[in-house]
Amino acid sequence: MKRIAIVGASASGIYLALDLLTKHQDFEVTLFDHEEKLGKKIAATGNGRCNLLHDNPLPENYDHPEIFKSFLQRIPFSSLKEKLIEWGIPLKREGDLYYPLSESAPSLVRYLWHNLTALGAKLRLGEKALDYSTHPNGVALLTSEGEEAFDYLVFAVGGKSGKNLGSDGSLFSVFERHGYQIQSMVPVLCPIRTKEHFPSLQGLRVNGTVRIKGRDTPFEKSGQILFKKDGLSGIVIFDASIYLAQKGYKGIEIVLDLFPHETFQSLKEKLRKDSIHPHFLEAYFPLELARHFENIVTKQGVDGLVSTLKHWAFHYEENYPFSDAQVTMGGISLNDVDLRTLSSKKEERVSFVGECLDMAGECGGYNLTWCLLSALIASEALDAVLC
Ligand SMILES: Cc1cc2nc3c(=O)[nH]c(=O)nc-3n(C[C@H](O)[C@H](O)[C@H](O)COP(=O)(O)OP(=O)(O)OC[C@H]3O[C@@H](n4cnc5c(N)ncnc54)[C@H](O)[C@@H]3O)c2cc1C
């Protein structure tokens, strides 16, 4: 009997446990989590629907595209989908996004719990991992309940985003003490603070294109933008938050184009015609936004309004904190793990999977895709070491 401890009973830890237990009847897998509930974060994903996968994920939508690409060359996207189906999770496709057929993240977590217990996984919930020590034949894990020996130890402890959902980053100082390099951990997939504040617009949503002219690759995406009292939010902004944090672009101009399908000229002609109606702006925008734009028309005329609608400039200050972020960029350096196996280069019989590693993706199932991919890579490697 081989005894494997996995610290973190959320997406990547659960995926790894399921894969090991379905392949090996002689493996005993114990999942530790300091939260009392299994998969607390999974239950909150995708607005309660859990966006499990992104169809054929583009490596450039991760912060380490080349490394992600090399993983995907080993385990292609079709195998990720098949694996979920093999575990009894039928999928529903919506555009490029895959959800569980139930479209219910809490139901999925219940199903995963049934599946894990049926396979004999040992769930040690409400037990916090504090430290560990390694020797060539195994690992001793120290938890809030005491010390226990295992043949292999995998960390699936996430980053620092969503502390109330379990990932409090408590083990990163321990990893540092064990000699790992921790790439600077930054909250991403979150709202951003800007120099310009429009408190009266807070809560309003508009559709448009966001453009940022970076030094090398520019950012351009379209979708819904949500106004915060001190900045901007919405899925496009969440994606921009990775780009901005990665490049360290404090002060850079973020341009909203609320009429991306019109040229400056065509929009001017359209609005000049419509502006004969005194309240024409209310036909175009929610009331608060119409009032905001009325001031611009009064001061600068329709041409001034068109300049704002096509080129509304904000200046980036910082990302919102970890408490408002879906994902953490940074973590255990990929230089410290063997990229073929995700096992530690520094210690024997230790591996890392999921978000605790330095790999973050954009919105749209990219991060849970990484959790599954990394769990399957680590699982394959454990077969080789333990069998
Ligand atoms: C609100 C929200 C919505 C999201 N929606 C989506 C989505 O729809 N699609 C998508 O792809 N991604 C989504 N994400 C991101 C995705 O949920 C994460 O990337 C993913 O959960 C990471 O999985 P993980 O298992 O690596 O880490 P986590 O899910 O963070 O889990 C880590 C686990 O380790 C436990 N732990 C940490 N330290 C210890 C310790 N010392 N001892 C014991 N246990 C410990 C924690 O309690 C936690 O359960 C969302 C995130 C949030 C916050």
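**Reading the model**

Analyst: Leu189 is found in the loop between strand 11 (182–188) and strand 12 (192–194). Helices (H or I, at least four residues) and strands (E, at least two) are DSSP runs, numbered from the N terminus. Residues are numbered from 1 along each chain as its sequence is written. The model is predicted, and local features need pLDDT of at least 70, side-chain atom pairs count only at pLDDT 80 or more, while totals for chains, interfaces and linings use all residues.

User: How do I read a strand, and which way do its side chains point?

Analyst: In a regular strand the side chains alternate between the two faces of the sheet. In strand 10 (residues 152–155), Tyr152 and Val154 point one way, Leu153 and Phe155 point the other way, and all are buried.

User: Which strand pairs with strand 10 over 4 bridges?

Analyst: Two strands pair if DSSP finds at least two bridges between them. Strand 1 (residues 2–7) runs parallel to strand 10, with 4 bridges, and Ala5 stands opposite Leu153. Strand 10 also pairs with strand 19, in the parallel sense over 3 bridges. There the bridge partner of Leu153 is Val350.

For the antiparallel sense, look at strand 17 (residues 312–319), which pairs with strand 12 over 3 bridges. Arg193 has Glu318 as its bridge partner in strand 17. Strand 16 (residues 253–257) is antiparallel to strand 17 too, joined by 4 bridges, and Leu256 is opposite Trp312.

User: How many helices and strands does the protein have?

Analyst: The secondary structure comes to 10 helices and 19 strands. The C-alpha trace spans about 80 × 40 × 35 Å along its principal axes.

User: How are the domains arranged?

Analyst: Domain bounds come from an automatic or database domain assignment. That assignment gives domain 1 (2–187 + 329–386) and domain 2 (192–319). Their centres, taken over C-alpha atoms, are 38 Å apart. Two residues are in contact if their C-beta atoms, placed from the backbone, lie within 7 Å. By that rule 7 residues of domain 1 are in contact with 7 residues of domain 2. The domain 1 side of this contact has 5 nonpolar, no polar and 2 charged residues. Ala, Val, Leu, Ile, Met, Phe, Trp, Tyr, Cys and Pro count as nonpolar, Asp, Glu, Lys and Arg as charged, and the others, Gly among them, as polar.

User: Which residues touch the most other members of the largest nonpolar core?

Analyst: A nonpolar core is a set of buried Ala, Val, Leu, Ile, Met, Phe, Trp, Tyr and Cys residues joined through C-beta atoms within 7 Å. The largest has 101 residues, and Ile4, Ile6, Leu16, Ala17, Val154 and Val188 touch the most other members. Helix 10 supplies the largest share, 11 residues. Each of domain 1 and domain 2 provides at least three residues of this core. Setting aside residues up to four places away in sequence, the contacts of Ile6 include Val29, Leu31 and Val154.

User: What surrounds the ligand?

Analyst: There are 39 residues around the ligand, and Gly8, Ser10, Gly158, Gly166 and Gly354 come nearest. A residue is near a molecule if its C-beta atom, placed from the backbone, lies within 6 Å of it. Helix 1 (11–23), strand 2 (27–33) and helix 10 (366–386) are the elements giving two or more residues to this shell. Helix 10 gives the most, 4 residues. By class, the shell has 15 nonpolar, 18 polar and 6 charged residues.

Key:
Buried ≥ 20, exposed ≤ 12 C-beta atoms within 10 Å, placed from the backbone.
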